[in-house]
Amino acid sequence: MRNNPSQARQTCRLLPISSAVALALLSMMQTAAAQQAASTTAEQPKLAEVIVSANKRIEKLEQVPLAITVLGDAVLQRNNVREFADVINLSPALTITYGTTPANNGINMRGIGTTSIGIGVEADVAIIIDDIPMGMQVKAFQDLTDIARIEILKGPQSTLFGKSAIAGAVNVTTKPISGPLTGNVSSFYTSDGEWRVGGSYGGELSEKFGFRIAASDTRFAGNVNNLTTGTKTNGSGGKTFMAKLSWHPTDTLDLDFSPRYNYSNTTCCALVATSITPLQGALLSNLPQLPATTLLQGINIGPYNTDIRNDTRTGQESTSRGFGLRINYAMPNGATLTSITSLDRYYANDTRDQDFVDVPTLQYYPLANGKPAGINEGYVQYGSFDVISRTQELRLTSPDNLAVKYVAGLWYGWNAIDRHFVRGYNGIALTTPTQYFTDTYNENKAVFGQVSWDFLPEYTVLAGLRYNRETSGYHFTTGAPPPGAFVPTATFSSVDNTENATTGKLSLQHQFNKNLMAYVLGATGYKGLAYDLTSSLNAATAAQQPVQSETSNTFELGLKGNFLNNRLTVNLAAFNSKFKNYQQNSGGYLPGTTTYVTRLNSVGGVQTRGVEMDISALVTANLIINGSVAYTDASITEFPNAPCYNVIDTSNGGFNAACQLKSVQYGGQNVQDLAGGRMPNAPKIKANLGGQYDIPLKDYSFDAFVTAAVRYQSEVLTNLNQDPTLSVAGYSVTNLGFGIKDKQGNYKLSFFINNLFNKHYANTGFTGLGNWSSKAPNPLITVTNTTWSPARDAFRYVGVRFDAKF
């Protein structure tokens, strides 16, 4: 077999992490042995017990036969977690697919996730906050406020969490109401202009009443300079308010009401030029009035350029309002009957600069009859989302002290999404003009149950089943874009499409002793019918709606153990999951235009397999280490008529050479067979290692601490079409921190340096910033260009954080 240089490089890059883990474990074992020899009676420090609610009951992590990564409050605070992108950095199982606007961002689990999620396509990874799932995944990218823990449940979770958890689920739990009235405040500021302020206050007013309120305000202008406006972009921020009101009218009845509000403003996804060759003579859309030397004036184009010239913001502004109502009734037999009700309204406006420059390009674009347009506007796209989600769950949970434990429930969910979208200008073909009003809905009714049985002292079998009935549909009306009033030109619809599906899971768990457990698990997943409404429909594509549902089967082996008197925990899992009729978007620029479009595909087969490990180690009483690593092989197993990607060579219509082999077979269409191809945004290797060392200061009223974290991700493709130019190189990032905290835990002052070695990396990698060519009108000379969208920590920055309790 031929050696793979990239894999060799990945292995070399992992050596420091692997060595650090090995040294830490060896040091801990030696220290533990020495301490035990010195004193066998002294109480030794231990890791904190980790609890989860993955089975919709509170359990110890090591008792749950499922691969789970848990990020507790200490880890979240140490790593300054604010938004979901920060969670991604701490979990090797998770990645993000960044789209052209924030609404098109998607979350991947083990390399599986729907890219460029349209309003008619559900996510593959469910996001649940306090038992309430998010109706549209873009909401996951709001600020995370007052979080107690985050459970990352890997593999299909459809049995307990529904059809949008076919690849996994992220279960977020906010901090509870407990104890006397207390509060905390936190402030944060960085050298590149990010600031945060937040706080919470609450507790038990009496035996019957309690409350907790939390609020935050965050702002990061961005790390890209818009020379036209003199402002920053590629940032995010928002305001969040949430509350919990608790009432215990009787000893057996609890009511919790949780209203919440969020405002988010994200300027994500602006593309920044890193090269244009040749620059001299390059023209936008081959128009002599639009030379690159003028349009990109003042921009120092290079590999790590952070300057743009845009006259329209690229981003999204949104508000979300909603509430959750939980009612718990403790039954006489010790079981609990729970009702969970939610209602949420989400509204967003999104815009995108489509010509990537700051001049009114439309006045130079020719009309369909060949005359100049003469319109004093730039080429933009914009639209709005209006989403209403409501859910109702009724759940019966058995007592915890039985050999046979069960949870059973009924589920109802409703999501309705309205979308208005405008792109380009009527009569200007180069803008691929379109305008449409569309809506989609889905209604879900389900019954589910799960039973575990300790049939022998060392063995437990767990079985679960869910029956789901979904009804969905869409309406789509397209018409001429501006100028002028909207006049419908075509209407398509497909409503009341109903599908029934059953999913389940089965596991066998063996408890070798109280500290070591192994399990084997099989599970199935299901995601419902989809509608490709991300771009204008026509009669041909409308006839293909809906896109068939997606299913999955997974097999998993796991080992969980506590060692050295609960000073070391290790969780191992090996998995193999297969997906059929996988719903995935692919995208590219329309030939001869600056328009990037996506199309939903039903991929015949996809597989992901690999090995994961999480560790926590209390090396000494003052040193704690947390680490995780994953090897994931996510690939396409069946996709014979996949779309091609564009290449510079104009032969074969400007598509890659592989299309020539398939075009005859598929009636002259430009398609390729992607069997064996890689899944997008699925790194082979992803790892992180972090920890904190506390330094007691006996002569002072405070102690000191030092923190460190390093993460690594191998190279990934960012497009399903396998275009090698659409890739992001592998990278590693190292963060350091230090600070002081008082001995009573009332305040903490932290300083940190993120991206210590200033390793530049991108969220996305693209070839092509608009439609550049040289020499108008003919003959054309090809102009090659590349762009990037720098990540939040693509450049080194320092910061300070202050936390206080009262």
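Cysteine 268 and cysteine 269 are joined by a disulfide (a pair of cysteine sulfur atoms within 2.5 Å), with their sulfur atoms 2.0 Å apart. This is a predicted model, where local features need pLDDT of at least 70, side-chain atom pairs count only at pLDDT 80 or more, and totals for chains, interfaces and linings use all residues. Residues are numbered from 1 along each chain as its sequence is written, and side-chain values use heavy atoms, with hydrogens and water left out.

**The disulfide**

- The structure has one disulfide, and the link of cysteine 268 and cysteine 269 is right-handed, with 55° about the S-S bond.
- Both cysteine 268 and cysteine 269 are buried (under 20% relative accessible area, with exposed meaning over 50% and partly exposed in between, using a 1.4 Å probe and protein chains only).

- Strands here are DSSP runs of E with at least two residues, numbered from the N terminus, and two of them pair if DSSP finds at least two bridges between them.
- β24 (residues 434–456) runs antiparallel to β25 (residues 459–479), with 20 bridges in the pairing.
- Getting from β24 to β25 takes a hairpin of two residues.

**Aromatic pairs**

- Rings of Phe, Tyr and Trp (its six-membered ring) pair if their centres lie within 6.5 Å; planes under 30 degrees apart are stacked, over 60 edge-to-face, and the rest tilted.
- That rule gives 20 aromatic pairs.
- Take tyrosine 201 and phenylalanine 806: the ring centres are 5.9 Å apart and the planes are at 10°, so this pair is stacked.
- Tyrosine 201 sits in strand β11 (residues 195–204) and phenylalanine 806 in the segment after β44 (797–805), so the pair ties together parts that are 605 residues apart in sequence.
- Tyrosine 201 is partly exposed at 29% relative accessibility, while phenylalanine 806 is exposed at 56%.
- Elsewhere, Phe421, Tyr436, Phe476 and Phe492 are linked into a cluster by ring pairs.

**Charges over rings**

- A charge sits over a ring if NZ of Lys or CZ of Arg is within 6 Å of the ring centre and within 35 degrees of the ring normal.
- Lysine 56 lies over the face of phenylalanine 161, 5.2 Å from the ring centre.
- Arginine 196 puts its charged end over the ring of phenylalanine 188, at 3.9 Å from the centre.

Methods
Helices (H or I, at least four residues) and strands (E, at least two) are DSSP runs, numbered from the N terminus.
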